[in-house]
Amino acid sequence: MNLVAFSLRTKGAHNFLRRLWTVFARFGLSEHRTARSLQTLVATLGQYGAYPTFFIPAVVLRRHVPLLRQIAASGAEIGIHGYVHNDYRSLTPQEQERQTRLAISVFRASQIPFAGFRNPYLGWTEEALEIFAALNFTYESNEAVIHDVIDLETLSPLLRSGYEKSLRLFQAVPPSIYDLRPHCEGHLVRLPTSIPDDEMLFDRLRITEPQRIAAIWSAVMARVYALGGLYALNLHPERALLCQAALRGLLDYATSQPEPVWIARLEDIARWWLERSRFRFEISPAGPQQWRVRLLSSARAQVQTRQLTVLERSPVEASKPPDTEDLEWQEWRIEAARCPAVALSPATPPAVRAFLQEQGYAVTQASPEEAANYSLFLDLPAGLGASPREQRAQRRRLVAQLEALSGPLLSFAPWPATYRAALAISSDIDSVTIQDFFLRIVEVARASHPQP
Ligand SMILES: [Zn+2]
């Protein structure tokens, strides 16, 4: 499907003509206009000590290597946004892999380092996740969390149906604690992204006043902050200047919360999540209602304690498991009514333990007879479930259950000390010039009928 057909299907002919007009208004024949937008985003974030993440299709990068090298040198992250700007859901797994490899080779030839992949139209597939992991990407950022911050009742039926169509296109999920935080699938970190993005606000909902946009983005930030999640805002560079005031509004809001918000590039967030996924608690009894806890973690770790008292903490020398040489052991003595860990039955498969540890919880194994000694005992012989969809539902349920648990529990906080939540400003550079915009139609058509 080419861009014209795609736009007509999702936006209607009327909207497509509006879009065509805005293309001429927002891009230029030279790189100048986009370069200014990218520099503005870098400079705006720089005022808050932060850097943005840009994603760009490889064929577009190839035409603008010096510009992107300059942007990367300013501290921004550059990630891959497809080989061409197409929807992986319309490609066979073999073709997804071929195009991902082509994109990697263009980035390598351009000497632009990359760690992440975001699909055009957030069109991720299960096969693509396997391909990204096999090709050693650190992360992907595709799962769209929809924040209910638009009052649909105020929209005309036409705008409302267009908005609902785009939610289906993006396979959006509601904002649960699990969905708002990163998670690992194998070695691949999955970083959620958030909608509505700038395109939905401007082009579909016709919301363009900076104050209103800042209020919508700040409302999303407030919810993400309350749940300790990640807000990955997506802002296309062609609207960066229009959204500059709104972006400042969001950044001011994020930096004025009682606890700090970590404003970071997606790559840094993914690397933190990998660091944190290796943290461990080891708990053993140390007398009546007392426990000896060994923690393996880095200096950035924050420990969350629920319904327990820490009596003593000391560093300790002990041998470390493989791949944890950069982490340090500590020993705590604590007082708690029950063991502050989730206990898993012997019949529960190791995948459940691995998932709960990655999510930061203290986990141990116990027999059903010992269940009463623990804050929570889980017997899940079916594990996380068979299909990826079932597994996601089960993980979502487990995190909700643990977060609502009333009882002693130790866990690692989702973010490095002393942050409460995370914010990443990401931007998909779909085109740099008007030529890129129209070449996209040809490139996507060509990539869907590859020459042998
Ligand atoms: Zn895009």
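Biologist: Which side chains does a polar contact of 2.5 Å join?

Modeller: Those of Arg239 and Asp198. First, the term. A polar contact is a pair of N or O atoms within 3.5 Å; within protein, one must be able to donate a hydrogen and the other to accept it, and residues adjacent in sequence count only if both atoms are side-chain atoms.

Biologist: What kind of model is this, and how are residues numbered?

Modeller: It is a predicted model, where local features need pLDDT of at least 70 and side-chain atom pairs count only at pLDDT 80 or more, while totals for chains, interfaces and linings use all residues. Numbering starts from 1 along each chain as its sequence is written, and side-chain values use heavy atoms, with hydrogens and water left out.

Biologist: Where does Arg239 lie, and is Arg239 buried or exposed?

Modeller: Look in the loop between β9 (230-234) and α11 (244-254). Helices (H or I, at least four residues) and strands (E, at least two) are DSSP runs, numbered from the N terminus. Arg239 is buried, at 0% relative accessible area. The scale is simple: buried is under 20%, exposed is over 50%, and partly exposed is in between (1.4 Å probe, protein chains only).

Biologist: What does Ser37 contact, leaving aside its neighbours within four places in sequence?

Modeller: Contact means heavy atoms within 4.5 Å. By that rule Ser37 meets Pro237, Ala240 and Leu241. Ser37 sits in helix α2 (residues 32-46). Its relative accessible area is 5%, so Ser37 is buried. A polar atom of the Ser37 side chain lies 3.3 Å from the backbone oxygen of Pro237.

Biologist: And Thr418: buried or exposed?

Modeller: Exposed, at 51% relative accessibility. Thr418 belongs to the loop between β19 (409-412) and β20 (421-428). Not counting residues up to four places away in sequence, Thr418 touches Pro260 and Gln302. Thr418 and Gln302 are 116 residues apart along the chain, yet their C-alpha atoms are separated by 7.2 Å.

Biologist: How many salt bridges does the structure hold?

Modeller: Start with the idea. Side chains of opposite charge can pair when their charged atoms come close. The rule for a salt bridge is a side-chain nitrogen of Lys or Arg within 4 Å of a carboxyl oxygen of Asp or Glu. The structure holds 28 of them.

Biologist: Which residue pairs with Glu443 in a salt bridge?

Modeller: Arg63, with the closest N and O atoms 2.6 Å apart. This pair links distant parts of the chain, 380 residues apart: Glu443 is in helix α15 (residues 434-448) and Arg63 in helix α3 (residues 58-63). Glu443 is buried, at 12%. Arg63 is partly exposed, at 33%.

Biologist: How many residues apart are Arg98 and Glu95?

Modeller: Three, about one turn of helix α5 (residues 93-109), where both lie. Arg98 is partly exposed, with 36% relative accessibility, whereas Glu95 is buried, with 13%.

Biologist: What separates Glu267 and Arg271?

Modeller: About one helical turn, because they are four residues apart in helix α12 (residues 266-276). Glu267 is buried, at 17%. Arg271 is partly exposed, at 41%.

Biologist: Which residues are linked in a network of salt bridges?

Modeller: Glu126, Glu140, Glu143, Glu185, Arg190, Arg392 and Arg395.

Biologist: What domains is the protein divided into?

Modeller: Domain 1 (3-259 + 420-448) and domain 2 (278-412). Such bounds come from an automatic or database domain assignment. The C-alpha centres of domain 1 and domain 2 lie 36 Å apart. Their contact takes 14 residues from domain 1 and nine residues from domain 2.

Biologist: How much area do domain 1 and domain 2 bury between them?

Modeller: About 960 Å², with 48% of it on carbon and sulfur atoms. Buried area is the accessible area (1.4 Å probe) that two parts lose on being put together, summed over both.

Biologist: How many salt bridges are counted between domain 1 and domain 2?

Modeller: Five. On the side of domain 1 that touches domain 2, α8 (177-180) and β6 (183-185) each supply at least two residues.
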